[in-house]
Amino acid sequence: MELNDLQIYHNGKFVRYGDAKIGLLTHGLNYGTGCFEGIRGYWNESQEQLYIFRLADHFDRLRRSASLLRVSLEETAAQLSAHTVQLVRANKFRKDVYIRPIVFKSAEEIGVRLHGVDHDLSIVALPHKPYIDSSKGLSATVSSWRRIDDNSAPARAKLTGIYVGSALAKSDAVKSGFDEAILLTAEGHVAEGSAENIFIVRDGMVITPPVTDNILEGITRLTIMELVASELGLKVAERSIDRTELYQADEVFFTGTAVGVSPVVQIDHRAIGDGNVGKVSAALVHLYDEIVSGRLSQYGRWLTPCYPVARNSSLKSSKAAAQ
Ligand SMILES: Cc1ncc(COP(=O)(O)O)c(C=O)c1O
């Protein structure tokens, strides 16, 4: 499908991607005054169903990010979820999809500020392209770029302008032969990957940096924290992580919408554990995959089915999806 022919949601209407234009002076383009989400939908062939993972939670985070830009969204998470389901249906997607809602200051005028500048809201859904192959584990490096501090720009929100830091770190890592970058806070604690949260496993304990260490408050992170406790019966701690704890961890893995659960087997040329994907990471990769594809009915509460649900299916359509 040509990008221009995709149906997208733009300011209350369904239009062709090619017809939704923005001008060169758009505030969000010039000053990074926007916020967005990355959401995934998973096609289940045997159920002929497309499940979107934690859709309303993503729109709740979009609302919170927008409020930091002094934007109050007119539509509720349920309404935005319903538009997203409609969009998937309008494009007749029967494959994995990536969904990108974006809110940005749309006025075409010069002047850095947040107040008194109009905004647009768009949602684009397109076929998903694999982000990174982590089946054998990833290599990573501790970046010389530091994660933005919450007192410089809101680190916990998914703001467009903040991503320049991620882009710098990611490209430097890849150009140096690594798959991914790990960013530290200004104080030198581990924050996260360029577009992922991070966990380590030490002596049977699963540890992830707290939300006060300038991380993006990841939805996959929350999901995994819950699963580690409920399904694997392991303890989870949110606490600051030192750089050398990374090197000495038994296991390290990233979590995020794009990467799911991605084990890291080497950091700065040091093997993590025995240099292979560890047991906890492997169990979580499998569990997450089962859940997002709709194969574990007890986690149906996290999934929004996009197409009519077969009567005998235990995964019921959400209110929003039914509209
Ligand atoms: C900087 C950053 N950290 C963490 C994450 C993981 O967040 P989530 O699990 O909500 O996708 C993402 C991806 O959205 C990200 O861009």
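C306 is buried, at a relative accessibility of 0%. C35 is buried as well, also with a relative accessible area of 0%. The structure is a predicted model, and its count of disulfides is 0.

**Cysteines**

- A disulfide is a covalent bond that joins the sulfur atoms of two cysteines.
- The criterion is a pair of cysteine sulfur atoms within 2.5 Å, and by this rule the model has 0 disulfides.
- C35 has a relative accessible area of 0%, and because buried means under 20%, C35 falls in the buried class.
- The relative accessibility of C306 is likewise 0%, so C306 counts as buried under that cut-off.

**Helix α2**

- Helix α2 covers residues 55-68, which is 14 residues.
- From the first C-alpha of α2 to its last the reach is 21 Å, close to the 20 Å expected at 1.5 Å a residue.
- The buried residues in α2 include L55, H58, F59 and R61, and L62, S65 and A66 are buried in α2 too.
- Seen down the axis of α2, these buried residues fall within an arc of 155°, so they line one face of the helix.
- α2 is followed by R70, which has a positive phi near 60°.

**Helix α4**

- Helix α4 runs over residues 163-175 and has 13 residues.
- Its first and last C-alpha atoms span 18 Å, close to the 18 Å expected at 1.5 Å a residue.
- S166, A169 and A173 are buried in α4.
- Viewed down the axis of α4, its buried residues lie within an arc of 75°, so they line one face of the helix.
- The exposed residues V164 and K175 are carried on the face of α4 turned away from its buried side.

**Helix α7**

- The 14 residues of α7 should span 20 Å at 1.5 Å a residue, and its end C-alpha atoms are 20 Å apart, which agrees.
- Among the buried residues of α7 are V280, S281, L284 and L287.
- Y288, E290, I291 and V292 are also buried in α7.

**Helix packing**

- Two packed helices are described by the angle between their axes together with the distance between the axes.
- α2 and α3 pack with their axes 9 Å apart, at an angle of about 125°.
- That angle makes α2 oblique to α3.
- The crossing of α2 and α3 is right-handed.
- The axes of α5 (residues 219-230) and α7 (residues 279-292) come within 11 Å and cross at roughly 115°.
- This makes α5 roughly perpendicular to α7.
- The crossing of α5 and α7 is right-handed.

- Most residues other than glycine have a negative phi.
- N11 is a residue other than glycine with a positive phi, near 50°.
- N11 sits in the loop between β1 (7-10) and β2 (13-16).
- With a relative accessible area of 39%, N11 is partly exposed, because that class lies between the 20% limit for buried and the 50% limit for exposed.
- R70 is not a glycine, yet its phi is positive, at about 60°.
- The loop between α2 and α3 (77-90) holds R70.
- R70 has a relative accessible area of 65% and is exposed, since exposed means over 50%.

**Residues separated along the chain**

- R301 is placed in the loop between α7 and β17 (303-305).
- R301 counts as exposed, at 54% relative accessibility.
- R301 and F53 are 248 residues apart along the chain, and their C-alpha atoms are separated by 9.4 Å.
- V206 lies in strand β12 (residues 205-208).
- The relative accessible area of V206 is 0%, so V206 is buried.
- V206 and V277 are 71 residues apart along the chain, with their C-alpha atoms separated by 15 Å.

Technical notes
Residues are numbered from 1 along each chain as its sequence is written. This is a predicted model: local features need pLDDT of at least 70, side-chain atom pairs count only at pLDDT 80 or more; totals for chains, interfaces and linings use all residues. Side-chain values use heavy atoms; hydrogens and water are left out. Buried means under 20% relative accessible area, exposed over 50%, partly exposed in between (1.4 Å probe, protein chains only). Helices (H or I, at least four residues) and strands (E, at least two) are DSSP runs, numbered from the N terminus. The expected span of a helix is 1.5 Å times one less than its number of residues. The arc is that of the directions from the helix axis to the C-beta atoms. Axes are lines fitted to C-alpha atoms, for helices over the stretch in contact, and angles run from 0 to 180 degrees between N-to-C directions. Angles under 35 degrees count as roughly parallel, over 145 as roughly antiparallel, 65 to 115 as roughly perpendicular and the rest as oblique. A crossing is left-handed if the near helix is turned anticlockwise from the far one by less than a right angle, and right-handed if clockwise.
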